[in-house]
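Me: I'm new to this one and would like a close look at a single part. Could you walk me through a sheet, strand by strand, and then say what else is there to compare it with?

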Amino acid sequence: MANDGPVEHGYPHLETVRAAVTALYRRLSYDTVRTFATSVLPVDVAFCDTDDLYLGAQRVAHELVRHYRLPDARLVVSFREMRHAASVELTAGPEYFVELNDRFRDHRRDIGAALAHEVMHVYLHRLDLSFPGVRDNEILTDTAATYLGAGWLLLDAYREDGASSQKLGYLTPEEFGYVLAKRALVFGEDPSVWFTSAQAYTAYVKGMELARRDGQQPPLTAAGWAGRRRYARDRRYARDRRHAPAGPPPPGVRYAFSPDGGGRLRVSFPCPTCHQRIRVPVRGRVRARCALCRSVLECDT
C-alpha cells in the first residue's frame, strides 16, 4: 500500500502480468473464465460512513466470496495497525481470517478493494495456482482479481495529487488499467463508468492503448505499416538462415521464426487475448485459432 509515498508508474511487471493471464486460462479453462463476464457492481460493495464497520466489512467480504464462487468459504474480518493494506491466513478452510489495516476504519470506501485482493488469495489457494516468489505471486493475485471482475476496485482506490497519494496492490496504475482493458476487450464491458478517481480513469485509458496494440502486432493483419515492413525484413532474413540456429528476437519484437521438421518456415507469436504462443506456417494469409482462449486471429505471415 502506497500511503502518501511515491507511486510507481509504467509497466515494470508487464511480462509477469501477461504470464498470469495465460496461467488463469490454463488453470480455469475458457468456459470457466467466461462465467466471470459480469464484474462486481459498485452497489454491491458500497460502504457508507453510517454503516457498522464490522458488519459492513463482513457484508462486502461475503459479496466478493459470492462473486468468486466460493460458497463454502467464510471470512472473518478484523482491523489492526500494520504496514500492508491487508493480510489473510490461508488454511484448509472453510473459515479464513482477514486483517485489514486500521487506515480503513476511516477510508471505508476502499475496503472492497482490499478485500478483492485478499479473497482472490483464497480463490487461488483453493485452485492451487501460484507463482514462485512473493512478488510474482502477488502480481498474479492482482491480475486474477482484475481479470475476473473485482480488480477495478483496486484501480479506483488509486488517488494522487500534489499533497498526498494512495494506491493499493502490487501492479502499477497503468498495469491495472492494462488488465482491465484486456478484460473489457474480451467481455465488452466498460468499467470506466464506475471510477470515482480521475487518476484511475487516466490509468485505464493508458492501459487500453497498450492492450489495443497487442492486437496490432505482426503477423496479425491489423498490424501497422511500420510493423509489417519490419516483419517482412525479418522474414527474409529468417528464410536465408532457416538452417542456422535461431537467435533471440530483437527487443520489442514478440514474433519468432523457426523451421519445422521438413525445413519449412513457421512463425510463433503470442495470442493478443491470453498471450499463449501460437505457431503457424509462413505462407501468406492464415486464420489461426488459439486453443486456449478460442480467439480467431487473422494473420498475414
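**Strand by strand**

Reply: Let's begin with a pair: strand S8 (residues 265-270) and S9 run antiparallel to each other, joined over five bridges. Keep in mind that this is a predicted model.

Now step back to the whole sheet. Three strands make it up, in the order S7-S8-S9, and the sheet is open with antiparallel pairing. Strand S7 (256-259) and strand S9 (277-281) sit at the edges with a single partner strand each, so one side of each has no neighbour in the sheet. On average, neighbouring strands here are turned by 30° against each other, direction ignored.

What holds strands like these together? In general, strands of a sheet pair through backbone hydrogen bonds, and the pairing can be parallel or antiparallel.

For comparison, turn to another open sheet, with three strands in the order S2-S4-S3 and mixed pairing. Its edges are strand S2 (74-80) and strand S3 (86-89); each has a single partner strand, so one side of each is left without a neighbour in the sheet. The twist from one strand to the next averages 20°. S2 and strand S4 (residues 95-101) are paired in the parallel sense, over seven bridges.

Notes
Residues are numbered from 1 along each chain as its sequence is written. This is a predicted model: local features need pLDDT of at least 70, side-chain atom pairs count only at pLDDT 80 or more; totals for chains, interfaces and linings use all residues. Side-chain values use heavy atoms; hydrogens and water are left out. Two strands pair if DSSP finds at least two bridges between them. Helices (H or I, at least four residues) and strands (E, at least two) are DSSP runs, numbered from the N terminus. Axes are lines fitted to C-alpha atoms, for helices over the stretch in contact, and angles run from 0 to 180 degrees between N-to-C directions.
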